[in-house]
Amino acid sequence: MSSTYQLEIYKKPLKAIKSGLKRVEIRTNNSYEKINYDELVPGDLISFQIIAGPPFNGLEVVEANALMVEVISVLKYKDPRELLEQEGLEVLSTLVTNIDEGIKLLYSFHEYEEMIPLHGIYAIHIRPVT
């Protein structure tokens, strides 16, 4: 039986998911989301809630239930380098041009530098639910 989770996201990446340009969401376990990514499985649903930003300035939702996606697969990596080497730079859209820039970007996300060594980093392959 599938579960449904609510996750916060910025407007720009949500648009990329809707358009089909973004098919992988990258996350790590953290102190501000109620989900444990080790428990996420194919078939689960994610309801994205748009939050203000970037940069990260809290989890105030500006648009609830903006998009529902289905989880296709969840792959756990030990660090951003391993993730980007396996998944490719496309998972970061056009934000970076090489792996080192991608690593720097991922570690710049709120709590990622502290949490990735503890929990790893996840590539969550998704597709919008129509």
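**Entry 1**

I began with strand 1 (residues 4-9), which pairs with strand 3 in the parallel sense over six bridges. For my notes, strands (E, at least two residues) and helices (H or I, at least four) are DSSP runs numbered from the N terminus, and two strands pair if DSSP finds at least two bridges between them. I looked up threonine 4 and found its bridge partner in strand 3 to be leucine 45.

Before going further I noted the ground rules: this is a predicted model, where local features need pLDDT of at least 70 and side-chain atom pairs count only at pLDDT 80 or more, while totals for chains, interfaces and linings use all residues. Residues are numbered from 1 along each chain as its sequence is written, and side-chain values use heavy atoms, with hydrogens and water left out.

Buried means under 20% relative accessible area, exposed over 50%, and partly exposed in between (1.4 Å probe, protein chains only).

On I went to strand 4 (residues 61-77), which pairs with strand 3 in the antiparallel sense over six bridges. Serine 47 stands opposite methionine 68 of strand 4.

Next came strand 5 (residues 121-128), which pairs with strand 4 in the antiparallel sense over eight bridges. In that pairing, leucine 75 stands opposite alanine 123 of strand 5. Contact means heavy atoms within 4.5 Å.

I finished the sheet at strand 2, which pairs with strand 5 in the antiparallel sense over four bridges. Arginine 27 stands opposite tyrosine 122 of strand 5. In a regular strand the side chains alternate between the two faces of the sheet.

**Entry 1: a pocket beside strand 1**

What lines the second largest pocket? I listed Tyr5, Gln6, Leu7, Glu8, Tyr32, Glu33, Lys34, Ile35 and Gln49. Strand 1 gives the largest share of this lining, four residues. By kind, the lining divides into four nonpolar, two polar and three charged residues. I sorted them with Ala, Val, Leu, Ile, Met, Phe, Trp, Tyr, Cys and Pro as nonpolar, Asp, Glu, Lys and Arg as charged, and the others, Gly among them, as polar.

A pocket is an open set of points on a 1 Å grid over the protein atoms alone, where a 1.4 Å probe fits, with protein on both sides within 12 Å along at least five of seven lines; lining residues have an atom within 4 Å of a point.

**Entry 2: single residues**

Proline 80 lies in helix 2 (residues 80-87). Is proline 80 buried or exposed? Proline 80 is buried, with a relative accessible area of 1%. Leaving aside neighbours within four places in sequence, proline 80 is in contact with Ile103, Leu106, Tyr107, Ile116 and Ile121.

I also checked phi. Most residues other than glycine have a negative phi. Asparagine 65 in strand 4 has a positive phi, near 50 degrees, and counts as exposed at 51% relative accessibility. Glutamate 111 has a positive phi too, near 70 degrees. Glutamate 111 sits in the loop between helix 3 (99-108) and helix 4, and is buried at 17% relative accessible area.

My last stop was arginine 127 in strand 5, which is partly exposed at 43%. Leaving aside neighbours within four places in sequence, arginine 127 is in contact with Val69, Glu70 and Ile72.
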